Amino acid sequence: MGGSLRVAVLGAPGVGKTAIIRQFLFGDYPERHRPTDGPSLYRPAVLLDGAVYDLSIRDGDVAGPGPSPGGHERLQSVQEQESRKKAPASPGLRPQEWPDPKDWSLQDTDAFVLVYDICSPDSFDYVKALRQRIAENRPAGAPEAPILVVGNKRDRQRLRFGPRRALAALVRRGWRCGYLECSAKYNWHVLRLFRELLRCALVRARPAHPALRLQGALHPARCSLM
């Protein structure tokens, strides 16, 4: 047994967080956007380099229905979501309506995936705010949590708001995070995304730049669901 890892997939509504997770876990893609109804928790087992790891992947489009009487956020199981009837797609929230990053519980997470839409500069600004919030809320002395910034919707390359190289350089050098682009729609680089994040989290104790550690994980490795 390799151990366990708690991962949070965060970002503005409509950037494709749930689509990325569902491609990774189930190999499917919803053709119509359905806003995520509160935070969700997925618990897959992953095989990487011959070792099994239990993942806890948190996904949420907006900041849920609020705290429960016990002070904890309500997390829906995958089974609860699958049992719901399909609801009609609703328009995405405007930037001013997006949840405040401070609403997220950021201190009990081992690794972060911050997703933005390569066609939306506002979603990139939101990821920037999330990354800052994570840094501010990390307890003193706590192990460093790797952060991978992911530009989704690469299939809409012609509509992107900025060049990939410039954004990647900003994230890696300025934010000290890893950077990768993917297409949840076509399942492009989705497996690579989680493989890199897991490998980086496993070597985070090494004295190296976090962005360099993420980029160093690019060589081929076996990563699959069980």
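Trainee: What span does helix α5 (residues 190-202) have, and what span is expected?

Mentor: The 13 residues of α5 reach 19 Å from first C-alpha to last, close to the 18 Å expected at 1.5 Å a residue. The expected span is 1.5 Å times one less than the number of residues. Helices here are DSSP runs of H or I with at least four residues, strands are runs of E with at least two, and both are numbered from the N terminus. This is a predicted model, where local features need pLDDT of at least 70, side-chain atom pairs count only at pLDDT 80 or more, and totals for chains, interfaces and linings use all residues. Residues are numbered from 1 along each chain as its sequence is written, and side-chain values use heavy atoms, leaving out hydrogens and water.

Trainee: Why is α5 called largely enclosed by the rest of the structure?

Mentor: Because ten of its 13 residues are buried; among them are V190, L193 and F194. Buried means under 20% relative accessible area, exposed over 50%, and partly exposed in between, with a 1.4 Å probe and protein chains only.

Trainee: Why does Y116 count as buried?

Mentor: Its relative accessibility is 0%, and that is under the 20% limit.

Trainee: What makes Y116 and F124 an edge-to-face pair?

Mentor: Rings of Phe, Tyr and Trp (its six-membered ring) pair if their centres lie within 6.5 Å; planes under 30 degrees apart count as stacked, over 60 as edge-to-face and the rest as tilted. By this rule there are six aromatic pairs. For Y116 and F124 the centres are 4.9 Å apart and the planes at 75°, so the pair is edge-to-face.

Trainee: Then why is the pair of F124 and W175 called stacked?

Mentor: The ring centres of F124 and W175 are 5.1 Å apart and the planes stand at 25°, so this pair is stacked. F124 lies in helix α3 and W175 in the loop between α4 and β8, so the pair ties together parts 51 residues apart in sequence.
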